[in-house]
Amino acid sequence: MALALKRAVSTPLLYFFILGDILGAGVYVLVGAVAGESGGAIWLPLLTALVLASLTAGSYAELVTKFPRAGGSAHYVTTAFGPAAGSFVGFCMLAAGLVSVGALARAFAGDYLQALISLPSMAVVVVFLAALAALNIRGIKESLRANVAATLVELGGLVLIIGLGAWIIARGDADLDRLTQVGTADHGAVGAVLAGTVLAFYSFVGFETSVNLAEEVQNPRKSYPTALFAALLTAGVVYILIGIVTSASVPTEQLTQSSGPLLEVVRAAGDIPDRVFSLIALVAVANGALLTGIMSSRLAYGMARDGLLPPVLSRILAGRRTPWVAILATTAVSLILALTGEVDSLAATLVLLLLIVFSAVNAAVLVLRKTEGEADHFRIPTVVPWLALASCLFLFTRIEGEVWIRGLILVGVGVLLAAVNAARARRGDLVLQGQDS
């Protein structure tokens, strides 16, 4: 009898997984970039992005409770449109995850760490990724317990910023007029909000990685919608408050020029050492890499079990019941990216890759409405996935041309994989588990 993944993830653990992945490391550098696109009213694109992300989250909530399988997005799209489409979407999701882990490994070895201790960056990257892989192989419960602690640190750091910003406002050193300033020299009011929303949208992604834990959640039909929407709401409230206090506390131009915009709030408040935020940022980066690494390995495992990737990736470690080959393989690719690739230039394609995935998932939930799945699964109104699909297609139009050029390289590899699997399906070599022939 084949081994199955261990159902060890409770609703609170799943909530902290999703919250930790949404908060991630991006928020520590995101605010300045959003301010540069939208102006002083940073909270407005953050709110818009929360609404758009919640639409697609509704589609994920329905599909993960209807088809609770580790393949996540790839499995849903395969079920709806066939193995070629599933291969393509799965590859886009996997590529985004691997690039993200590589980028976060490089970030961990960068300025925040060097501010505390001087170590060779490449050696740090190797040790960092090896440690994350070891924790991932040890077990999902151990990994998510570490995530709970890290997420509390991340959230505590953001709450500290909110408190410091509130103190700056209370003592009269803030400029509340900036909260209504929308528009920049390059964009009018509407264009500025939309440009800022694209960046802000990236800060809310992360919830999609959690669907790959479906086979390890104790009761996905009840746990997943609760954990997902609670985590999105928590992150949304925190982000909007961060946007308000940073804009009020620090001049917009100063925010846009800073690589550590939240540190500008700390400095404006006074009395808090900069080193404290270096430690918090390192925890945030490490946690983001851990969670994305978990997602990538489970996605590779699920795709391999569906026949979309080499079957060796579906092997499970008997004692720990974790997908050890998939973990080692995905870690190795991320390591290569971190050591040799221009991760910063590839990271800009993440939004493009995820919008492809989101568009396909929103279409899949509509196609699969009449397909049987788990009984009593979560169901959203039909209008929601239509609105979500429209929002993704609209956000495509806001992505810069140079990002499309870089992204098309990865998309081309995904198309090649899709073509190979389509040919295998026609020959009858590809039979998906759990799907009617």
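**View 1. R171 and D173 meet side chain to side chain in a salt bridge, N to O at 2.6 Å.** A salt bridge here is a side-chain nitrogen of Lys or Arg within 4 Å of a carboxyl oxygen of Asp or Glu. The model is predicted: local features need pLDDT of at least 70, side-chain atom pairs count only at pLDDT 80 or more, and totals for chains, interfaces and linings use all residues. Residues are numbered from 1 along each chain as its sequence is written, and side-chain values use heavy atoms, with hydrogens and water left out. R171 is partly exposed because its relative accessibility is 31%. D173 is also partly exposed, at 47%. Buried means under 20% relative accessible area, exposed over 50%, and partly exposed in between (1.4 Å probe, protein chains only).

**View 2. D175 pairs with R178 in a salt bridge.** The closest N and O atoms are 3.5 Å apart. D175 has a relative accessible area of 29%, so D175 counts as partly exposed. R178 has 10%, so R178 counts as buried. Side chains of opposite charge can pair when their charged atoms come close.

View 3. E264 is buried at 12% relative accessibility. R267 is partly exposed at 45%.

**View 4. The protein chain carries 18 helices and zero strands.** The structure holds four salt bridges, among them R171 with D173. The chain has 27 positive and 27 negative side chains. Lys and Arg count as positive, Asp and Glu as negative; His and the chain ends are not counted. The centres of the two sets lie 13 Å apart, each charge being placed at NZ of Lys, CZ of Arg, CG of Asp or CD of Glu.

**View 5. The C-alpha trace spans about 70 × 45 × 40 Å along its principal axes.** Of the 437 residues, 58% count as buried. Residues 24 or more positions apart account for 85% of the contacts with a separation of 6 or more. Contact means heavy atoms within 4.5 Å.

Technical notes:
Helices (H or I, at least four residues) and strands (E, at least two) are DSSP runs, numbered from the N terminus.
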